[in-house]
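Thanks for coming, everyone. Let me put the model up, and then we'll walk through it.

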Amino acid sequence: MEVTGGCLCGAVRYGYSGEFLRQPICHCRDCQRWSGSAFHVGVMVPKSGFTLLSGELRTYRATGESGRWIDRSFCPVCGSGITHVLEVRGPDIVVIKAGTMDDPSVVVPNVEIFTRAKLPWVSIEAETEKHA
Ligand SMILES: [Zn+2]
Ligand SMILES: [Zn+2]
């Protein structure tokens, strides 16, 4: 895959070249807060294919229920979340927020996690593997 994307204000631009690994939807409370929405949609990729083309990212480290950290990075100008890195997956894997891609339709979610926190009115039509 070859994708480009960026934040709402345009300061941050990035490119990614390589395969898509897992394409998770996360229903956890932290992702609801971080996204300001019902769930988070991401694409897990090898960090080696990810290039920041312009702007800078600021990072907020949060510790999840598991006690492991997640570094969530965003544009410091407009606040758009761009990527996160999970301690549990290691520093060589980055999760790109699907909505920041110039063409988010290339993302096909294939796994849902923290479905125990899924809001009752959310219905996902993609075929996904589900984890409570
Ligand atoms: Zn921005
Ligand atoms: Zn989450």
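How many of the seven residues of β4 are buried? Five of them, so call this strand mostly covered; buried here means under 20% relative accessible area. Keep in mind that this is a predicted model.

Who are the neighbours of β4? On one side of the pairing list is β3, residues 24–26, which runs antiparallel to β4 and is joined to it by two bridges. I25 has V41 of β4 as its bridge partner. Then there is β9. Five bridges join β9 to β4, again antiparallel. In that pair, M44 stands opposite V95.

Now the packing. The largest nonpolar core has 17 residues. Y16, F20, V45, I96 and M101 have the most contacts inside it. Four strands, β2 (13–17), β4 (40–46), β8 (81–86) and β9 (93–97), each supply at least two residues of this core. There is also a second, separate core of five residues, and M44, I70, L86 and I93 are among them. As background, nonpolar side chains in soluble globular proteins tend to be buried together.

Look at F20 next. Leaving out residues up to four places away in sequence, F20 touches M1, V3, V43, M44, V45, M101 and V106.

Last stop, the metal. Which residues are the protein donors of the zinc ion, ligand 2? They are C26, C28 and C31, each through SG, at 2.1 to 2.3 Å. Their spacing in sequence is C-x1-C-x2-C. C26 is buried, because its relative accessible area is 8%, under the 20% cut-off. C31 is buried too, at 4%.

Note on methods: Residues numbered from 1 in each chain as written. Chains lettered and ligands numbered in written order. Predicted model: local features only at pLDDT ≥ 70, side-chain atom pairs only at ≥ 80, totals over all residues. Heavy atoms only, no water. Donors = N, O, S within 2.8 Å, 3.2 Å for Na, K, Ca; no water. Buried < 20%, exposed > 50% of the residue type's maximum accessible area, 1.4 Å probe, protein only. Core = buried A, V, L, I, M, F, W, Y, C linked by side-chain atoms within 4.5 Å. Contact = heavy atoms within 4.5 Å. Pairing = 2+ DSSP bridges.
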